[in-house]
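Subject: Structure handover

Hello,

Here is the structure for you to look over. My notes follow below it.

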Amino acid sequence: MACTFRWVPYRSDARMGLNHQMSSLSCAMNEAAALGRSFVLPAEICTAAGHNRGGACIPFDELFDVALLSSFVPVRLANATGDPGSGVTLRAGCDAACARAEYPCSSHPNLQRRQSGFWYSACLRNTVDTEPLARIAQARLAMPAPYTGATAPSLALLRSGLFYSGPIKAAAREIRRR
């Protein structure tokens, strides 16, 4: 069984628009990559009534290609209730290096970080180690070195469009053909 990692709670971000949620989830996936753990994604993405003609939910795997995304950052979907199982919460102030040392996968297979406020702000404050995922993206996408803050995937991974599901990509191709 793969070791998992998630950020909690998702309530504040879950009430926002799609672009906001993609930024927040991208930031959290950076930390999962730094820890070498599978990131637990929400089972569905919902937008509040005030966003994107919101008030609707869609299963995460209908919006994104989970297998392709997993080739960059191992991910798995939470079950329908959003609960990936019991987990240990990292102590406050414990960064990725601390988490690797104090919470090894062998004794803490399910790990979570309690994140206050909007999740994406952790990447804006540079409190998340984005280097491992930046190296993966650079190698897989043949991006020229060096990575800069403007090109790093810390907030843009899901917003890039690379990981949209097959049906969404097909619809976009059809629209461009018109």
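How many residues does helix 2 have, and how far does helix 2 reach from its first C-alpha to its last? Helix 2 (residues 18-35) has 18 residues and reaches 26 Å. That is close to the 26 Å expected at 1.5 Å a residue. (The expected span is 1.5 Å times one less than the number of residues. Helices are DSSP runs of H or I with at least four residues, strands are runs of E with at least two, and both are numbered from the N terminus.)

Some ground rules before the rest. This is a predicted model, where local features need pLDDT of at least 70, side-chain atom pairs count only at pLDDT 80 or more, and totals for chains, interfaces and linings use all residues. Residues are numbered from 1 along each chain as its sequence is written, and side-chain values use heavy atoms, with hydrogens and water left out.

Back to helix 2. Of its 18 residues, 16 are buried, so helix 2 is largely enclosed by the rest of the structure. (Buried means under 20% relative accessible area, exposed means over 50%, and partly exposed is in between, with a 1.4 Å probe and protein chains only.) Just after helix 2, G36 takes a positive phi of about 70°.

Strands

Strand 2 (residues 38-41) is covered on both faces. S38 and V40 are buried on one side, F39 and L41 on the other. Strand 2 runs parallel to strand 1 (residues 4-8), joined by two bridges. (Two strands pair if DSSP finds at least two bridges between them.) In that pairing, T4 stands opposite S38. Strand 2 also runs parallel to strand 5 (residues 75-77), with three bridges. There, F39 stands opposite V75.

Disulfides

A search of the whole structure finds four disulfides. (The cut-off is a pair of cysteine sulfur atoms within 2.5 Å.) Counting bonded cysteines along the chain, the pattern is 1-7, 2-8, 3-4, 5-6.

- C3 to C105: the S to S distance is 1.2 Å. The pair links distant parts of the chain, 102 residues apart. C3 sits in the segment before strand 1, and C105 in the loop between helix 5 (96-102) and strand 7 (110-114). The S-S torsion is about 70°, so this disulfide is right-handed. C3 is buried at 8%, and C105 is partly exposed at 36%.
- C46 to C57: the sulfur atoms are 2.0 Å apart. C46 lies in strand 3 (residues 44-46) and C57 in strand 4 (residues 57-59), so the pair ties together parts eleven residues apart in sequence. The torsion is about 115°, so the disulfide is right-handed. C46 is partly exposed at 21%, and C57 is partly exposed at 46%.
- C94 to C98: the sulfur atoms are 2.0 Å apart. This link is left-handed, with -100° about the S-S bond. C94 is buried at 1%, and C98 is buried at 12%.

Backbone

Most residues other than glycine have a negative phi, and most peptide bonds are trans. Two places in the model are worth a look on that score. The peptide bond from V8 to P9 is cis, with omega near -15°. P9 is in the loop between strand 1 and helix 1 (11-14). N126 has a positive phi of about 60° although it is not a glycine. N126 is in the loop between helix 6 (121-124) and helix 7 (131-141). N126 is exposed, at 66% relative accessible area.

Best wishes
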